[in-house]
Amino acid sequence: MKSPIISGAIILAGMFIFLKFLLPLVTAPLPASLIYLYLALVLSGILIYGTMSAPSLEAMMGPIFRFLSGKGQTGAGQMARLAVLVMFPLLVGWQTYSRLVPSDLPPAENRTIHPAPPGEFVGLSNPYPKTPENIMMGKGLYAAYCSPCHGANYDGKGPAAPGFNPPPANFSDPGTIAQLQEAYLFWRIKKGGVGLPVEGMPWKSAMPRWEEELPEEFIWKIIMGEYDGAHQSPRTWEEEEE
Amino acid sequence: MTSAGQLRHATVVQGMNRMPGLLKFGSFLALLFLPALAMAAGGAEIQAMSVEYRDVPGIGSRNLVWVVAQQHLLLAGFVLGVPIFAWICELVGWKTKEQRYDKLAKEFTKLLTSAYATTALFGGILLFLLIGLYPKLMAYLTDMFFPSFLVYCLLFLLETATLYMYWYGWDYMQGNKKTFHLFLGFLLNLFALGIMIVPNSWATFQASPVVVGEGDAWARAWMAMQNPTWWPVNIHRLIANVVLGGFIVGAYAGVRYLLAVSREEREHYDWMGYVGNFIGVFGMLPLPFAGYWLMREVYQYNQQMGITLMGGFLAWLFILQAMLIGVLFLGANYYFWMGITHRIPGSEGQYKKPVMGMLIVLLLCLGVWMTPHSLVASLAEAQKMGGTHHPLLGVFGVMSAKMTVSNIMILVTFMSFIMYWRAGKQETAGWAKAAKAIMGGLLVIAGIAVVVLGVWGYFVPAIIRINYFSVAQVLIVLFIMVTFTPLTALLMKSAKTTTEMVWGKMPIRAGYSLVLNAVMVILLMSLMGYARSSSRVHWHIYGVMRDTSDYAYSPALGYAAAFMSLNTFVFCLIVAFIFWVATLGDKAKAQPPKGSTMEIPGHTAPAMAGGAPSSGEKLE
């Protein structure tokens, strides 16, 4: 029977290699926070399974306890134990130091992407009917004002997009405008990045304050065009009548 | 919306002027018996004219109220949850004629008297603090809710009287009087439910106030009570109290198991731990559905509040919630699986593969549940990802994914219990094979249907997902639970036992896992209590009365998390104290007479110190 310690180590290492090196071959790399989260889950799974019964507990923890207690160890075994006992606190110390040492890198962010809108924007509904003409007008306005950043395909890949960090929102992603009501988009377009509230800090949005350029009618029609073009529907509390 | 200038600060006397004669008499009686309340209401009126807030040096008024309110709420959850637990156990004992259930119910009812007093004590402290520190708010709430204060007092009197009769009459009301005792237990829980839902209306009114029209004091209070989040909170708290009660009983059993020195004690507390975990888990299964309903009502009431909670700065609390619920699910299942391995000798090999499968599914689901919509990333990482939203894993961050995995986790946990139930038994019914095949098929279909609805949910408007897909997912899981439970019960009725269940052989880590589950539930309640309360942001009463104190800001999440931990720690200390006080008498009885050198038969070292049920055996 294979040692559960070795099996566990192989599973952990395999998962790390998958998350860190293999997954980025097909998609964007994962941040360290997420990799550690998934590894912690895998480790807890290994510990839960390994400690379920007396034999599995002994097979998993027995060698570790015997190694650390040093009973009956001589020569290389004793040296290895000493090395672990010295290296472990050093590793913890190094980790602590590298976390605390001043750095010119900005700290990791837990940015709030969807801060709550101000009260005056809550409950607004699009005053313009959803007619083909209005949608067409909205798409035209979108092409003129929004597509340079948000892309002609509503996917956040406009010609100007590479210049922004974070990049412009991808409206075709069901996790963006499909989760929001039209009133929310109206607020974001009207007030732009500078209109984000305190809870939206750090303010990292290059979205212009379109109220200075566009009348409200245009903004509502752009919203209509955006949803139609991105094949998404705004979040509502009422089902649309056929 | 009512502007601050339109706020009415009417006195209790003014409120009473609108009442009919009989009600006035009732109010007079209540005030006579509750001078503190009368002083509170009257005093608040006077203070409201001059002082809006008072502060407490050092800790600050808000923090002090935070700690005391949280302790009161947790204790209230305990004293409302434990009677439900005790009554269910007593009912089971009465139906099955198994005395141990009755003994268990009595053991926990004994705790209630001291716990009840402690809860009332914290309630009193909270009331005085609120009156003293937030006079303007309390004057407004008193004006709005005064008649419900009287109902609350009446319910308290009834609850106290019923509790005394229920506890002190336990031994007297045996035999043919048992049904009356059970009726008292039912009344106890009924009054307890009332005690919970009345103050819930005050707190939910603060979060989701409604326009209160003209009418007498009772009509206005009733209108204010019927706010949109009242019943969702009532149901959520009722179920959560069952969960808290079950897991605290489990933790108590776990600690007693670790300290047990005789075989009988180990067997008893091992069994008690199983019952506590069972009730905690069964309460936990419908809890996410109740939580979902509550959040749906919050969103429907006010989109701004919903976004603050689920998408705004409080959204990170829901990632912490996922972690805590995940640990709770893992801990509860771990306990079930260890029960199969240790209480049913020889079953370890048989269930190894299903357990591994369940564990993998639980971990995968937990991975999805814990993945935030916007990830914590350094500048370099965000640049590589193209923002803090990962193009592939970002899809796990929305509700469709969370609902799907929570339903799957509930299904897996339910199946863990079914597996435990069937372990060590051989079905003898002729239709057993067909029933098991149907159950297996239904389970696979249900799992696939939940996942398909979850994935499909990304491609339909949100309202279709919320109104139909999420509801269908919940109904599918409930269907499995309500069909599998009686079917398995029928199968087990005629099944022959191949391996007898052995109590008292669980390893010591089972005791620790019971304690961990209880701590997780307390932390969860502290966390979500903060989330619900802070969703009002800078309002005492959302959109009606603004918080103009020095503390009209939301604390940083780390600061809030420290307070949640403090609250959990303090509550654990209080519960430990209550348990210690309540078991002092038992300890005295168990002690050998002074000067006696006689050994108590069967006593060895406690399990946590390596003691075993008998010589030659060893607990891991």
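Predicted model: local features only at pLDDT ≥ 70, side-chain atom pairs only at ≥ 80, totals over all residues.
Visitor: Why is chain A called more spread out than a compact globule?

Guide: The globule rule gives 18 Å for 242 residues, and the radius of gyration of chain A is 27 Å. That value is well over the rule, so chain A counts as more spread out than a compact globule. Its C-alpha trace spans about 85 × 45 × 35 Å along the principal axes.

Visitor: How is chain A divided into domains?

Guide: Domain 1 covers 4-100 and domain 2 covers 119-229. Taken over C-alpha atoms, the centres of domain 1 and domain 2 of chain A are separated by 47 Å.

Visitor: What share of chain A is buried?

Guide: Buried residues are 29% of the 242 in chain A. As for contacts in chain A with a separation of 6 or more, 60% are between residues 24 or more positions apart.

Visitor: How many residues of chain A are in contact with chain B?

Guide: The contact involves 49 residues of chain A and 55 residues of chain B. Two residues are in contact if their C-beta atoms lie within 7 Å. On the side of chain A that touches chain B, the elements giving two or more residues are helix 2 (32-50) and helix 3 (54-69) of chain A. Helix 2 of chain A gives the largest share, 10 residues. Sorted by class, that side of chain A has 27 nonpolar, 17 polar and five charged residues.

Visitor: What does chain B contain, in helices and strands?

Guide: Chain B has 21 helices and four strands. Of its 620 residues, 48% count as buried. Of the contacts in chain B between residues at least 6 apart in sequence, 82% join residues at least 24 apart.

Visitor: What makes Tyr420(B) a buried residue?

Guide: The cut-off for buried is 20 or more other C-beta atoms within 10 Å. Tyr420(B) has 22, and therefore it is buried. Its place is in helix 16 (residues 399-422) of chain B. Leaving out residues up to four places away in sequence, Tyr420(B) touches Phe336(B), Gly339(B) and Ile340(B). Tyr420(B) and Glu98(B) are 322 residues apart in sequence, with 21 Å between their C-alpha atoms.

Visitor: What is the phi of Lys97(B)?

Guide: Lys97(B) has phi near 60 degrees, a positive value in a residue other than glycine. Most residues other than glycine have a negative phi. Lys97(B) sits in the loop between helix 4 (61-96) and helix 5 (99-133) of chain B. With 8 C-beta neighbours inside 10 Å, against a limit of 12 or fewer, Lys97(B) is exposed.

Visitor: Why is Val537(B) called partly exposed?

Guide: Partly exposed lies between the limits of 12 or fewer for exposed and 20 or more for buried. Val537(B) has 19 C-beta neighbours inside 10 Å, so it counts as partly exposed. The residue is in the loop between helix 19 and strand 3 (539-541) of chain B. The phi of Val537(B) is near 45 degrees, which is positive in a residue other than glycine.

Terms used: Residues numbered from 1 in each chain as written. Chains lettered and ligands numbered in written order. Nonpolar A, V, L, I, M, F, W, Y, C, P; charged D, E, K, R; others polar. Domains from an automatic or database assignment. Rg over C-alpha atoms; globule rule 2.2 N^0.38 Å.
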